[in-house]
Each structure stands twice: as C-alpha cells, then as structure tokens.
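Please examine the structure shown here alongside the explanation that follows.

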Amino acid sequence: MLDRPLDDETTSAVLRAILRMAWRSGNHSLLLKRCYDILLRSFDIDDGQPTLVPRLRNLAYLSARAFCHIFIQSGSDVQGNDRVVASLKERHLCLSLGCHENDSNLQSVLGLTDSLLGVDRDIEWASFQLSSAHHLWVSDILLHHACNLVAAGMQQKVYDDIAGFVQDTFSLEPPAALSVDTNCTLMVGLLVGIPVHPDDLLVSGEKKR
Amino acid sequence: MFSSPRFAPITERLFAKLNSIIQNQTSTRAEIGSALDALWCIGLLTYNVVPRRCFELFTTVMTTASYLPPDLKWEAARLAMHGGFKWDGYYPMVSGPQEVLAFLDYHFDLQAKGEDQDEAIQYATRALAFGASPTCLEALAQFDPTVPPFFDGIRSLFHTEKPHELKKAALCFLSHIEARWFPVFSEHVSPDAVQDFCEDLVSVVNEVVMDEAEIKRAATTILLSMADASTFRLHIPLHMWEHLEFVHELDDGSPPLQRCRNNPDVIPALRRTKDQRPLILWLAILWREITKLDAKIQEQVIDVTTKAVAQSPHVEDFLLLLLNAEETRLEEKLRAFSSWSTDGGVETLRLKLYELRESRTHFYEVCEPEDIQ
C-alpha cells in the first residue's frame, strides 16, 4: 500500500497496522525504505539540517516507530547490511538533534532510529518523560534488540545498548508499569545468560500506545 | 508492594543466576563482570524482593566468596549493599552485624586513605541503623566502636559536608551503640575534639530531627546519652535539651533514659540552662515514676519542683497536665484489652497506671500541702 501515493491520514493508518504485526521472518528492506522515506518526508532538510514539519509530527512519530519496529523484529539490527539498509545508513542524517524537547516520545524514537542507522550518540533517557504506552513499546523493542544481540553472539554489546534505558526505568519515581519493569528485568537477565521465552517477545506496539 | 505472576519468577531466577555466578569458583572475570553489570541494574529496582535478595547476595559475597579477586569481591559487595539499602520503602532484616561491620571496616579504611567512600558507607550505615533485628542490636551493643578505623570513621559520619541521608543513618546507628560510645569517648581524644564532635552531632540533630519518628527517637536517645556523660553534658545547647519532649516516644526500658533517671548530675545541669522549659520537661518525666527513683534523686525532684512552682504557678499546671496526659495515654492503651485480661503486658500497664496515680497524689502533697490537709 505504501508504494502508492496516499494522503497523510491513510499513511498513518497503514503505519499503525504495521505496528500491530510481527515482522520476524523474510526480507523487509523495501518496507523499511518506505517507512524511512515517510519519516524523511516529515522533515525539511535545509543545508543538511533536518527540521521537523510541525503538521507532520504524528507522521514522523509513527513512521520512526514503524521503522524501528520492523528493523529490530526482522533482525536487521544484528545482520550484515543488505544493500537497502546500507544505503539508508549512508544517507542518514541525525534526526534526534532537532528541538523536540516537548515531545519525549518523538525524541526517543528518533534517537533509536539514529542509533539503528549508525549515529554514535547516546540517548538521554533520563531527560525524557515518556507516556506509559510509549515506554512499554520501547521496553518491548529493546528487549527484542537485546535478544537479537545475544542470539548473534554479541552479548557484550547488550549492556551498552540497554543500560541507560534500564537504569532510568528502574530509577523512576513513581515506578514504571510492572510490564516495563518486567521487560527490563528480562534484559538484565540476558546480561547473565538467562534466555528469554519467545512469548516475552510478542510485541503488540500500536494497541499499547 | 505489588507483584505479578510473571515478574516475581523472573527476578528470583535472575538472583539465583547471580548467586551461582558469584559462588562458582570457575566463573571467568568476564562472567563476573556481566553479573556485576546486571546487579547494578537490578539493584535500582524498588520492589521488596530486590533489596532482600541483594542483601542475601551481599552476605554470600562477604562470607563465601573469598576466592574472588579483591577488586571484584568489594565491587560485588558494594553493588549488593546498594541494592539492599538504597530504598526507604523497605529494609531487609540484618540478623547479624558481622558482615556489615567488616564492610564498613574496609571502607572506613579506604576513606582514611583519602578515598570518597560516602556512598558505600551510607548504605552500610543504613543497614545497621534501619535493618538491624533485635539479635543484631544485641550484638551491636557488644561491638566496640572505639577501635580503629571505626572511631574516626564514625566521627566522620557527622561532618557537615556529608550527605543528608548518611547523617540520618549515622544518628540512628549511633543510638544503637551509644552505651559504648559516649561514656568512653573522651578517653580517646582531646577536649577540643570532644567539643568538635558535639558541635557536629548537634548540627546533625538540628538538620535531620524533624524527618521521621525513628530519627526523633534516635536523637532523643543520643541527647540522653550525652546528658548522662559528664564530658558531653557541658556541650548540650539549650535547643537540643528541648528534644526532651520526645522522651515519651522511647521505651521505658531505654538504657540511656534509665541511666539519666539515676544520674544526680542531670538536674543540676538543667538548672544551669538559661531557659527552664527543659528542666520542667525533665521533672515531668521523673514525676511519672517518682516512687521508683533513688532517694537522692527524689529529694532533688521535690526540691526543684517546689522552687519552680513557687516562682511560677503555671509550672504546677503544666506538670499536672503532663501527668494527666500520661494517664490518658495509659488508659487508652489498656482499653484495647479486656478488663478481665491477665496477660503479662496488661498487668504491667495496670501497674504503671497505678504507680502514675500514686505519683500524682504525691505531686499534690508536694505542691498543694494545704489542700491535702
């Protein structure tokens, strides 16, 4: 559907549908590229500096989430780059540098997108105030990422990628939702070699938003 | 504190794994490093099970993990102690103080060498201050805090620049070891050092005393310990004496309270203070059980009360008010039980009420002899 020209409302509906699905097998690089293009379309790029188009804020959020969702679930975070992903990484501009301070959900998902596309910049989890639904989605997707790393024998990278999020979540006052704490505990378990049950990876992003 | 069927087993499994890595003598440095990363993260969680399991892990590290390289052993102990006692909502029970004291010993030593160990010391102090079981408190009473590095280490807990939470824990910890601290303190330092410590202590009391009932009890215990020790009594400022109003929150068997009741130097010291309110508070405390006091103290109480009442009739009203309030408090406690109860605790309450009423009659005889005749 995303190959055809769609209005913003329909595009958002399709992106929400993407977030309701699991993308575990198959090559989804073209869909990734479509999501990425929608994301970039939400920004004005002037002299190499991306600036969010205010009316497309929601589209930016949904497309970035859909991108991370497919990217991590399909295992592109640990696989050797295919041609499409390699070209995305090559042309990617850091999107989380812009001023989105009043929208932590957007800021955090742009930070994740940057990180997946090779931008070496820490995500400042402690500076965000995530909505509970978004917090849960991030915990789901990072748990999936941590599992991918362990399965690919990159265990030593798990701490670097999840520690900031887990520490910030565990330090929240009042505490985060129990499902988020559970996901974070599962991530901590991965650090010491406790495998995660496949049921723990049943991400259902959109309905939790 | 809530839990879920999914969360609890995951957490238990995680701690079982951490224990097995720590206890396995063949664990590699990398495996232990990952376990410590995990322990650091999980230690931040605020669910009851986490502090409890962290403290169990701490005990394991301190008692059985002698094969660990020292740097990893102490790092593991610090992280486990942090997970055990970082949170105000729940304190795991410390059944014996040995491991925590060994941990403090090591970190006081490092601090003496110039390292900043406030965080490690703070959590260990919290363990002894707020987590100590009755058995642990008994064992602490036998602990000699004047040996190095504890003597300097404990004094340092009260320095102005120390964190607020550390000062609170230090005050409570000191209230547990007061009997082996205040009476002998001056044997180990110069008079100037006594004064310096008093100033630090008083400043900590001022800073933290309004926080919680437990801290108020600790501050009151320390005030009484200072009042009982001649070298400290001189340095108690007027505003600290006013914490006598919290004495009713202490158990009647509180050792420093018992010592002060039998100490003939306390009333003269209070008479020398600029304000008479602390003296009147102390008289009210003593009047509650005047018939049980040593004859010399009884004489002091009657003499000072007579003089104070002669100076101001409000003193009599105030003392009577406090005695009546105490009667009401005991009656309310008794009302929770059946009038026919022969339970030992109830019998003790009845006896206390009887003695209080006897004391009040005696008080009338002293203050209003003409009415009695």
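In chain A, 17 residues of domain 1 are in contact with 17 residues of domain 2, where contact means that the C-beta atoms of two residues, placed from the backbone, lie within 7 Å. Domain 1 of chain A covers 1-123 and domain 2 covers 130-209; such bounds come from an automatic or database domain assignment. The model is predicted, and local features need pLDDT of at least 70, side-chain atom pairs count only at pLDDT 80 or more, and totals for chains, interfaces and linings use all residues. Residues are numbered from 1 along each chain as its sequence is written, while chains are lettered from A and ligands numbered from 1 in the order in which they are written.

On the side of domain 1 of chain A that touches domain 2 of chain A, the elements giving two or more residues are α1 (8-19), α3 (57-73) and α5 (104-116) of chain A. Helices (H or I, at least four residues) and strands (E, at least two) are DSSP runs, numbered from the N terminus. The largest share of this side of domain 1 of chain A, five residues, is given by α3(A). Its residues divide into six nonpolar, six polar and five charged. Here Ala, Val, Leu, Ile, Met, Phe, Trp, Tyr, Cys and Pro count as nonpolar, Asp, Glu, Lys and Arg as charged, and the others, Gly among them, as polar.

The two chains also meet: 19 residues of chain B are in contact with 17 residues of chain A. On the side of chain B that touches chain A, α1 (7-23) and α2 (29-42) of chain B are the elements that give two or more residues. The largest share, eight residues, comes from α1(B). By class, this side of chain B has eleven nonpolar, four polar and four charged residues.

Helix packing comes next. Two packed helices are described by the angle between their axes and the distance between the axes. Axes are lines fitted to C-alpha atoms, for helices over the stretch in contact, and angles run from 0 to 180 degrees between N-to-C directions. In chain A, helix α6 (residues 132-151) and helix α7 (residues 156-170) pack at an angle of about 170°, with their axes 9 Å apart. Therefore α6(A) is roughly antiparallel to α7(A); angles under 35 degrees count as roughly parallel, over 145 as roughly antiparallel, 65 to 115 as roughly perpendicular and the rest as oblique. The contact of α6(A) with α7(A) has eight nonpolar, one polar and two charged residues.

In chain B, the axes of helix α6 (residues 118-130) and helix α9 (residues 164-177) come within 8 Å and cross at roughly 40°. That angle makes α6(B) oblique to α9(B). Nine nonpolar, three polar and three charged residues form the contact of α6(B) with α9(B).

Some loops deserve attention too. The peptide bond from E173(A) to P174(A) is cis, with omega near 0°, and P174(A) lies in the loop between α7 and α8 (178-191) of chain A. The peptide bond from P148(B) to P149(B) is likewise cis, with omega near 0°. P149(B) is in the loop between α7 (134-142) and α8 (150-156) of chain B.
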